[in-house]
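This report is written for a reader who meets this structure for the first time.

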Amino acid sequence: MIENSVSLPPTVYALAKGRVSAMLAGSVLFVVVGVVFLVVHSTVKMTAAGALSVAFFGFCTVLIARRLLGGKAELVLDDAGVEHAALGRFGWDEIAAVRIREQRVRSTSQRFIELVLHDPQGYLARAPRLVRSTASMNARLGFGPANMPVNTLPVPPEAVLGEMLRRCPRLAANP
């Protein structure tokens, strides 16, 4: 968007490397625990748990390490729209609303910035494979396909939401 006929420079949010490094360390730890379960394999349950742990957290370790080593900005807001490292690019005209959402699981919660899209199916047709594969699960949980986790951002979600609304005042911000 243009403010007072002047193009705004992009707002770039780098990856929160400290938090993501902690996520990587935790993922590696679970891989190690899984390997220990496989080596000890005193029961079928331990062997199965070890195999699942190595497979799932090994995959997570690779994804997280790629994000850390990639050096790409986590989020960029510019006059044309939003670009997220994992979700891809969205034009302002594709976004109907933005909101901060929270998913609670037992005693923990995960916050997201949800982009409510005019055409979610159109986005899914071009979305990265990981987004497409998790879309049905997100729908069952009441989320759309475009959810940005805020734990990888260096600022609170309210700051990002405020910057989005500054750049595109016509966006609806739903609580």
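Leaving aside its neighbours within four places in sequence, which residues is Val-116 in contact with? In this predicted model, Val-116 touches Glu-94, Ile-95, Ala-96, Ala-97 and Arg-99 once those sequence neighbours within four places are set aside. Val-116 belongs to strand β8, and with a relative accessible area of 23% it is partly exposed. The C-alpha atoms of Val-116 and Lys-17, which are 99 residues apart in sequence, lie 27 Å apart in space.

**The chain as a whole**

The protein has 175 residues, of which 34% are buried, and its secondary structure comes to 5 helices and 10 strands. Along the principal axes, the C-alpha trace spans about 70 × 30 × 30 Å. When contacts between residues at least 6 apart in sequence are considered, 63% of them join residues that are at least 24 apart.

**The nonpolar cores**

The largest nonpolar core holds 27 residues, and those with the most contacts inside it are Phe-90, Ile-95, Leu-115 and Met-164. At least two residues of this core are supplied by each of β4 (75-77), β7, β8, α3 (120-126), α4 and α5 (157-167).

Apart from neighbours within four places in sequence, Ile-95 is in contact with Val-82, Phe-90, Leu-115, Val-116, Leu-117, His-118, Arg-170 and Leu-171.

**The largest pocket**

The largest pocket contains about 1,800 Å³ of space. It is lined by 37 residues, and the closest to its centre are Met-23, Leu-63, Arg-67, Leu-130 and Pro-149. Several elements, namely α1 (17-40), α2 (44-70), β7 (95-105), β8 (108-117), α4 (129-140) and β9 (147-149), each give at least two residues to the lining. The largest share of that lining, 8 residues, comes from α2. Sorted by class, the lining has 21 nonpolar, 11 polar and 5 charged residues.

**Selected residues**

| Residue | Relative accessibility | Class |
|---|---|---|
| Ala-127 | 3% | buried |
| Asn-147 | 10% | buried |
| Thr-11 | 18% | buried |
| Pro-9 | 59% | exposed |

Asn-147 lies in strand β9, and a polar atom of its side chain is placed 2.5 Å from the backbone oxygen of Gly-144. Not counting residues up to four places away in sequence, Asn-147 touches Leu-87, Phe-112, Ile-113, Glu-114 and Asn-138. Asn-147 counts as buried because its relative accessibility of 10% falls under the 20% cut-off.

Thr-11 has its place in strand β3, where the side chain of Thr-11 makes a polar contact of 3.1 Å with the side chain of Arg-167. With neighbours within four places in sequence left aside, Thr-11 is in contact with Leu-75, Val-76, Leu-77, Glu-163 and Arg-167. Since the relative accessible area of Thr-11 is 18%, and buried means under 20%, Thr-11 is classed as buried.

Is Pro-9 buried or exposed? Pro-9 counts as exposed because its relative accessibility is 59%, whereas the cut-off for that class is over 50%. The place of Pro-9 is in the loop between β2 (6-7) and β3 (11-13). Although Pro-9 and Asp-78 are 69 residues apart in sequence, their C-alpha atoms are 6.8 Å apart in space.

Ala-127 also lies in a loop, here the one between α3 and α4, yet with a relative accessible area of 3% Ala-127 is buried. The C-alpha atom of Ala-127 is separated by 9.0 Å from that of Pro-145, which is 18 residues away along the chain.

Conventions. Residues are numbered from 1 along each chain as its sequence is written. This is a predicted model: local features need pLDDT of at least 70, side-chain atom pairs count only at pLDDT 80 or more; totals for chains, interfaces and linings use all residues. Side-chain values use heavy atoms; hydrogens and water are left out. On a 1 Å grid over the protein atoms alone, a cavity is a set of points where a 1.4 Å probe fits but cannot get out, and a pocket is an open set with protein on both sides within 12 Å along at least five of seven lines; lining residues have an atom within 4 Å of a point. Grid points are joined across faces, edges and corners, and a volume is the space filled by probe spheres set on the points. Helices (H or I, at least four residues) and strands (E, at least two) are DSSP runs, numbered from the N terminus. Ala, Val, Leu, Ile, Met, Phe, Trp, Tyr, Cys and Pro count as nonpolar, Asp, Glu, Lys and Arg as charged, and the others, Gly among them, as polar. A nonpolar core is a set of buried Ala, Val, Leu, Ile, Met, Phe, Trp, Tyr and Cys residues joined through side-chain atoms within 4.5 Å. Buried means under 20% relative accessible area, exposed over 50%, partly exposed in between (1.4 Å probe, protein chains only). Contact means heavy atoms within 4.5 Å. A polar contact is a pair of N or O atoms within 3.5 Å; within protein, one must be able to donate a hydrogen and the other to accept it, and residues adjacent in sequence count only if both atoms are side-chain atoms.
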